[in-house]
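Subject: Structure handover

Hello,

Here is the structure I said I would pass on.

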Amino acid sequence: MGNVELVTAADVRLMQGLAQRVTAVRPELVNSDASYGELAWIWGKGHAEHGAGWPRRLWFADGELVAWGWTYLPHRLRRNDGSVKDVTGAYLAYQVHPDHAGLVDEVIDWFDRTAGDVERTVLPSAADEFGLERWAAHGYRTDPDALGDTGSWTMLTERDLTDVEQPVLPEGFRFRTADEAGPEAAVQAHLDAWAPSTYTAAAYEGVRRVPAYRADLHVLVEAPDGTMAASAIMWLDEANKTVEFEPVGTHPGYRRLGLGRALLLHGMHLARAAGAGHATVACLGAPGHPKARGLYFSVGFRESVRDVPLIKPRSAG
């Protein structure tokens with residue numbers, strides 16, 4: 001990689017601070033992978049294993065972070081089912097404060113230099129018209145595969161926390177916190193919901209050590225047989241009084257019982273008690289992925305903004 005600086009925990013806290021400041025003025029410009037909660041989740045679960053492939057650059061103005069880029073270089077993923085996936089391209093997470101929008105050109109140049117001649121992808125917000133123009137000027141185009149009916153683009157959904165209905169669980173099921181369930185059960189709940197997954201006990205320990213993590217806002221549904229049948233982590237941005245759900249999942253053997261819906265409603269009540277007045281959750285937005293979107297819409301979330309998958313192929317030859 002040459003002489004590069006890698007993402008640190010201190011960097012992530014600065015990035016979260018920028019997310020809070022952008023949220024306060026132009027929330028639609030917060031990129032899906034640059035939100036307060038998403039940064040905590042990605043860093044917490046992945047830095048121990050993948051941090052050596054996470055170069056970053058920070059831009060400051062008057063001592064304050066106003067832009068950053070975080071590159072995910074080609075790497076290998078090992079899942080809990082024994083399968084292996086080689087990621088051959090590079091991906092960029094980034095954020096630029098709207099008052100310093102022109103820095104996006106420097107971010108793009110830095111990404112191209114850092115990634116080298118591999119396929120490069122990025123997910124800017126659809127609301128960032130200036131940024132999209134600049135990405136196009138640098139040779140990035142919309143990714144037809146990602147934008148298809150079963151594509152990977154995401155939408156951010158949101159709702160306020162007034163008039164949240166009461167959750168109802170099937171008989172014998174009950175809500176638990178992560179502390180009550182214990183680390184082993186919390187990890188297994190994620191693995192069951194997202195199999196095959198790269199999540200591990202070490203990854204969960206990394207999540208727990210992130211300052212933004214709160215065990216009382218990591219909630220689960222326990223089935224009568226003791227299985228943790230659904231789980232969700234909430235990330236509370238106290239500055240903006242908003243909470244972000246990431247991730248949310250249900251064990252495949254316990255789906256279609258209303259557990260995800262009840263868990264979201266329960267979580268929103270907890271978040272409101274913790275001081276939040278607004279909630280967000282991201283999901284796949286393509287027509288071929290209706291389940292999560294339908295779940296979130298059923299509890300009052302509505303689309304706020306979506307991302308635009310962009311791609312720049314490696315050079316021919």
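Predicted model: local features only at pLDDT ≥ 70, side-chain atom pairs only at ≥ 80, totals over all residues.

On the domain 1 side 21 residues take part in the contact, and on the domain 2 side 19 residues do.

Between them, domain 1 and domain 2 bury about 1,600 Å², and carbon and sulfur atoms account for 59% of that area. What polar links cross this interface? There are 9 residue pairs in polar contact, while the number of salt bridges found across it is 0. On the side of domain 1 that touches domain 2, helix H1 (9-25) and helix H2 (36-50) each provide at least two residues. H2 gives the most to that side, with 5 residues. By type, the residues on that side of domain 1 are 7 nonpolar, 8 polar and 6 charged.

Salt bridges

The structure as a whole has 15 salt bridges.

- Asp112 and Lys312 form a salt bridge in which the closest N and O atoms are 3.3 Å apart. Asp112 belongs to helix H3 (residues 104-115) and Lys312 to strand E16 (residues 310-312), so this pair ties together parts that are 200 residues apart in sequence. Asp112 is buried, at 16% relative accessible area, and Lys312 is buried as well, at 19%.
- Arg26 and Glu28 meet through their side chains in a salt bridge of 2.4 Å, N to O. Arg26 is partly exposed, with a relative accessible area of 34%, and Glu28 is also partly exposed, at 23%.
- Arg214 and Asp216 make a side-chain salt bridge of 2.8 Å, N to O. Arg214 counts as partly exposed at 27%, and so does Asp216 at 38%.

There is also a network: Glu5, Asp11 and Arg56 are joined by salt bridges that share partners.

Arg56

Is Arg56 buried or exposed? Its relative accessible area is 14%, so Arg56 counts as buried, the limit being under 20%. The side chains of Arg56 and Asp11 are joined by a polar contact of 2.8 Å. Apart from neighbours within four places in sequence, the residues in contact with Arg56 are Glu5, Leu6, Val7, Asp11, Gly69, Trp70 and Trp110.

Backbone points

Some places in the backbone deserve a look. Most residues other than glycine have a negative phi, and most peptide bonds are trans. The residues below depart from one or the other of these.

Which peptide bonds are cis? One joins Ala195 and Pro196, with omega about -10 degrees. Pro196 is located in the loop between helix H6 (183-194) and helix H7 (201-209). Another cis peptide bond joins Glu246 and Pro247, where omega is about 0 degrees. Pro247 is part of strand E13, which runs over 242-250.

Asp62 has a positive phi of about 55 degrees, although it is not a glycine. Asp62 lies in the loop between E2 and strand E3 (64-72), and at 85% relative accessibility it counts as exposed. Arg256, likewise not a glycine, has a positive phi near 65 degrees. Arg256 is in the loop between E13 and H8 and is exposed, with a relative accessible area of 85%.

Pro252

Pro252 is found in the loop between strand E13 (242-250) and helix H8 (259-273). Pro252 is partly exposed, with 46% relative accessible area. How far is Pro252 from Arg26? Their C-alpha atoms are separated by 37 Å, and the two residues are 226 residues apart along the chain.

Regards

Technical notes:
Residues numbered from 1 in each chain as written. Heavy atoms only, no water. Contact = heavy atoms within 4.5 Å. Buried area = accessible area lost by both parts, 1.4 Å probe. Salt bridge = Lys/Arg side-chain N within 4 Å of Asp/Glu carboxyl O. Polar contact = N/O pair within 3.5 Å; in protein donor to acceptor, adjacent residues only side chain to side chain. Helix = DSSP H or I, 4+ residues; strand = E, 2+ residues; numbered from the N terminus. Nonpolar A, V, L, I, M, F, W, Y, C, P; charged D, E, K, R; others polar. Buried < 20%, exposed > 50% of the residue type's maximum accessible area, 1.4 Å probe, protein only.
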